[in-house]
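Here is a short briefing on aromatic rings and strand pairing. Look at the structure first, then read the points.

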Amino acid sequence: MKDVKFIRINEDNINFIPDIIKIDDKDIQKKDIEKFIINCYNYCFAGICKNEIVAFLYGYGMLRPDGKSMFYIHSVDVIPEYQNKGIGTKLMEYVLKYIRDEKRYYKFFVLTEETNIRACKVYQKYADKEGQVLFSKNL
C-alpha cells in the first residue's frame, strides 16, 4: 500500500501522535511512548495513512556481555482494516533497513506464537533461523 508512510517516533515528531493509540485492542498512551523513547535503545515505529496510525511496532536494543548488540522486536500490530495488505511486511522492511543503517546491531529477533500463522509468514521472510522454542511465565 503506497500511501502508508513509515516513521520512527522520536522527540521531534511525538506531537503528531494522538493521546491514545488503539492497536489490536490495546490502548497505548502518548505519555507512555514519550517515556519509552527517552532511552535511545528503545524504538517505536508507526505506519501512517491519511493522518492515522495504522501500524505500530516497538522494540529494544539489547547489549550482550560479549559487547555485541541485538535488536528485539517486541510487538508488531496493524489495525484490522489495513491487515492483509502487506503493511506489516512493509513496516518490517522499513524497520530492518533503519536498524541495519544504524550499524548498532548485528542481529534482530522476534517472538510469536506458532498459532499466529500470519505473523509467522511475515517473520519467516526475514529469518536466517527458525524453529526455536520459547518458554515464558507471567509474573
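Which residue in strand 6 is the bridge partner of Gly 61? The bridge partner of Gly 61 in strand 6 is Phe 71. The model is predicted, so local features need pLDDT of at least 70, side-chain atom pairs count only at pLDDT 80 or more, and totals for chains, interfaces and linings use all residues. Residues are numbered from 1 along each chain as its sequence is written, and side-chain values use heavy atoms, with hydrogens and water left out.

**Sheet**
- An open sheet with mixed pairing is formed by 5 strands in the order 1-4-5-6-7; strands are DSSP runs of E with at least two residues, numbered from the N terminus, and two of them pair if DSSP finds at least two bridges between them.
- Strand 1 (5–8) and strand 7 (107–110) are the edge strands, each pairing on one side only.
- Strand 5 (residues 52–63) and strand 6 run antiparallel and are joined by 9 bridges.

**Aromatic rings**
- There are 14 aromatic pairs, counting rings of Phe, Tyr and Trp (its six-membered ring) with centres within 6.5 Å; planes under 30 degrees apart are stacked, over 60 edge-to-face and the rest tilted.
- Tyr 43 and Phe 45 are stacked, because their ring centres are 6.1 Å apart and their planes are at 10 degrees.
- Tyr 43 and Phe 71 are edge-to-face, because their ring centres are 5.0 Å apart and their planes are at 90 degrees.
- This pair links strand 4 (residues 42–49), which holds Tyr 43, to strand 6 (residues 69–78), which holds Phe 71; the two residues are 28 residues apart.
- Tyr 43 and Phe 71 are both buried (under 20% relative accessible area, 1.4 Å probe, protein chains only; exposed is over 50%, partly exposed in between).

Conventions: Helices (H or I, at least four residues) and strands (E, at least two) are DSSP runs, numbered from the N terminus.
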